[in-house]
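Hello,

Here is the structure we talked about, with the sequence alongside. My notes on what turned up follow below.

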Amino acid sequence: MRINEAVALVTGANRGIGRALVTEFLSRGAPRVHAAARDPRTLEPLVAEAPDRIVPLALDITDPAAVTAAAEAASDVTLLVNNAGRHAMGHLLDMDLADVEAVMRTNWLGTLRVLRAFAPVVERNGGGAVANLISIGAFGGTPAMGPYPASKAALALLTQAVRRDLAPRGITVHGVFPGPVETDMLRYATGHLRDVDGIPVASAADAARAITDGIEAGDEEIFPDPFAREIREGLRADAKAVERLLVSME
Ligand SMILES: NC(=O)c1ccc[n+]([C@@H]2O[C@H](COP(=O)([O-])OP(=O)(O)OC[C@H]3O[C@@H](n4cnc5c(N)ncnc54)[C@H](OP(=O)(O)O)[C@@H]3O)[C@@H](O)[C@H]2O)c1
């Protein structure tokens, strides 16, 4: 995948890692980037940076009609980045089930829905790539993070399954496993956790650069920041120790 030849679509592009990915793709010469967001008005500052190459798109990934319409509107996509995601802190045994459902519906089912709509689009355009934003949270069930780790573990396995199915259709599938990246989501999550001191936090721009490097290199798994790479080494050495570390976070 060469970014300077790719027509990308990034979900949740109005802020955080999604927004940084749009900027990174443009800086590497992507001819066009479809920037998708639930509320397209929130994309205005980003679109103003390169109105000739950024195409704003309304897309709530939990809305089947919106996903179908997006796949019709963005029919030139060759690189799909499933970045949109949702968090809900709380403990699974007593938090509001509506929050649990919303996280699973967004991070897992929503991502699958977008994939199903866009795989034929990418295939018709001669093949390309899909990158799914997962999380190192997929490697251990941090109790205070409610459904989030489970939603990301489910997404990691979805990623493996569709990688196999999409390979013969000329589409590579990348799983991205970030550690802490400075965004609204991290501020929300760490506001609820006590023992996060000493863990390195990456900027969204640095994470976006590393994710893009991984996509261009064809890496199946991308660990885009220092803490994520520590976790990768930990998984190689002792996966049980990684699980214990993540489960012990409060
Ligand atoms: N930041 C981290 O430390 C970290 C670590 C590991 C993984 N990740 C993953 O990286 C991705 C980006 O995270 P971030 O930190 O940039 O989060 P963020 O700042 O909270 O941004 C989340 C984005 O997802 C969008 N979104 C949420 N629900 C959506 C829906 N139903 N349809 C469409 N868009 C939706 C949000 O749109 P609105 O503005 O409309 O809410 C927003 O654009 C997520 O998948 C996250 O789980 C983040």
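I will start with a strand pairing. Val7 stands opposite Arg32 in strand E2. Please keep in mind that this is a predicted model. Val7 belongs to strand E1, which covers residues 7-10. E1 pairs with E2 (residues 32-37) in the parallel sense, over 4 bridges. Within E1, Val7 and Leu9 point one way, while Ala8 and Val10 point the other way. All four of these residues are buried.

Next, the ligand. It is surrounded by 27 residues, and the closest are Asn14, Arg15, Arg38, Tyr148 and Thr183. Three of these place a polar side-chain atom by a ligand oxygen atom: the distance is 2.5 Å for Asn14, 2.6 Å for Tyr148 and 2.5 Å for Thr183. The ligand taken alone exposes 900 Å², of which the protein buries 93%.

Last, helix H8, which runs over residues 226-248. What distance does H8 span between its end C-alpha atoms? The span is only 20 Å, whereas a straight helix of 23 residues would reach 33 Å at 1.5 Å a residue. H8 also has a kink of about 130°, centred on Asp238. The buried residues in this helix include Phe227, Ala228, Ile231 and Gly234. Val242 and Leu246 of H8 are buried as well. As background, residues three or four places apart in an α-helix point the same way, because there are 3.6 residues a turn.

Regards

Definitions and conventions:
Residues are numbered from 1 along each chain as its sequence is written. This is a predicted model: local features need pLDDT of at least 70, side-chain atom pairs count only at pLDDT 80 or more; totals for chains, interfaces and linings use all residues. Side-chain values use heavy atoms; hydrogens and water are left out. Helices (H or I, at least four residues) and strands (E, at least two) are DSSP runs, numbered from the N terminus. The expected span of a helix is 1.5 Å times one less than its number of residues. The bend at a residue is the angle between axes fitted to the seven residues ending there and the seven starting there. Buried means under 20% relative accessible area, exposed over 50%, partly exposed in between (1.4 Å probe, protein chains only). A residue is near a molecule or strand if one of its heavy atoms lies within 4 Å of it. A polar contact is a pair of N or O atoms within 3.5 Å; within protein, one must be able to donate a hydrogen and the other to accept it, and residues adjacent in sequence count only if both atoms are side-chain atoms. Accessible areas come from the Shrake-Rupley method with a 1.4 Å probe; for residues, only the protein chains shown count as cover. Two strands pair if DSSP finds at least two bridges between them.
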